[in-house]
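Have the sequence and the 3D view open as you read.

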Amino acid sequence: MMGYKINNINKIFLLTIITFIFSCTNTLKENLVEFIENNCNFENNVGCELDLNKFVKEKFNRIYIFGETTTNEEISKIIGVKYRGKYISDSKYRIVFLMNHRIVFEEDFEEDFFEFERSDKKIYHGLVYRFYNTSKFVIVKVGNNKNKLFYKLKPIIR
């Protein structure tokens, strides 16, 4: 009888730990919106300057954003590093941060609460992607999307 109670306690403890771990893993979208909201004061509708190196745990010097039809081979050729990632889902983008030809962060996201400015589009053999060689962006509050604020990130080139 005593072994039964211990097993149930262990199961409950394990389930609590697993639930805690999965509830703490926010997505890039959630984390970036929270970072913007915690670090920007949009008084008088003026943009806010942020360094995304303070957002990503490892330093980076290049950002690439690819669309849903981009293959691993195309990403490899564009970033100059062998790339092995999963398929990019419909309506998603993949953001890849590099530091000295080493991938330091990547994640898929939707642009429903923020958007990286599209004026930095590049074309490689007909494939459109975005490239930024800066970590500094001006964040502009554009308006609402589904009762949430929407932000546009514009690179600061100096």
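Which residues do ring pairs link into a cluster? The members are Tyr-93, Phe-109, Phe-114, Phe-116, Tyr-132 and Phe-137. Please keep in mind that this is a predicted model.

The average pLDDT of the protein is 80, and 77% of the residues score at least 70. Where pLDDT is low, the predicted coordinates should not be read in detail.

## The nonpolar cores

The largest nonpolar core has 27 residues, and Leu-52 and Phe-116 touch the most other members. Several elements give two or more residues to this core, including β1 (48-51), β3 (93-98), β4 (103-109) and β9 (148-155). Helix α2 provides the largest share, five residues. Another core, of 13 residues, lies apart from it and includes Tyr-64, Ile-79, Val-96 and Phe-131.

Setting aside residues up to four places away in sequence, Phe-116 touches Leu-32, Leu-52, Ile-65 and Ile-95, among others. The list also includes two charged residues, Glu-111 and Arg-130.

## Aromatic pairs

The structure holds 14 aromatic pairs. In one of them, Tyr-64 and Tyr-129 have ring centres 6.3 Å apart and planes at 35°, so the pair is tilted. Tyr-64 sits in strand β2 and Tyr-129 in strand β7 (residues 127-132), so this pair links parts of the chain 65 residues apart. Both tyrosines are buried.

Phe-116 and Phe-137 make an edge-to-face pair, with 5.6 Å from centre to centre and 85° between the planes. Because Phe-116 lies in strand β5 and Phe-137 in strand β8, the pair ties together parts that are 21 residues apart in sequence. Phe-116 and Phe-137 are both buried.

## The disulfide

How many disulfides does a search of the whole structure find? There is one, formed by Cys-40 and Cys-48 with their sulfur atoms 2.2 Å apart. The torsion about this S-S bond is about -80°, so the disulfide is left-handed. Both cysteines are buried.

## A buried threonine

Thr-70 belongs to the loop between β2 (62-66) and α3 (72-79). Its relative accessible area is 8%, so Thr-70 counts as buried. A polar atom of the Thr-70 side chain lies 2.9 Å from the backbone oxygen of Gly-67. Leaving aside neighbours within four places in sequence, Thr-70 is in contact with Ile-75, Ile-88 and Leu-127.

Technical notes: Residues numbered from 1 in each chain as written. Heavy atoms only, no water. Disulfide = S-S within 2.5 Å. Buried < 20%, exposed > 50% of the residue type's maximum accessible area, 1.4 Å probe, protein only. pLDDT = per-residue confidence, 0-100. Helix = DSSP H or I, 4+ residues; strand = E, 2+ residues; numbered from the N terminus. Polar contact = N/O pair within 3.5 Å; in protein donor to acceptor, adjacent residues only side chain to side chain. Contact = heavy atoms within 4.5 Å. Core = buried A, V, L, I, M, F, W, Y, C linked by side-chain atoms within 4.5 Å. Phe/Tyr/Trp six-rings, centres within 6.5 Å; stacked < 30°, edge-to-face > 60°.
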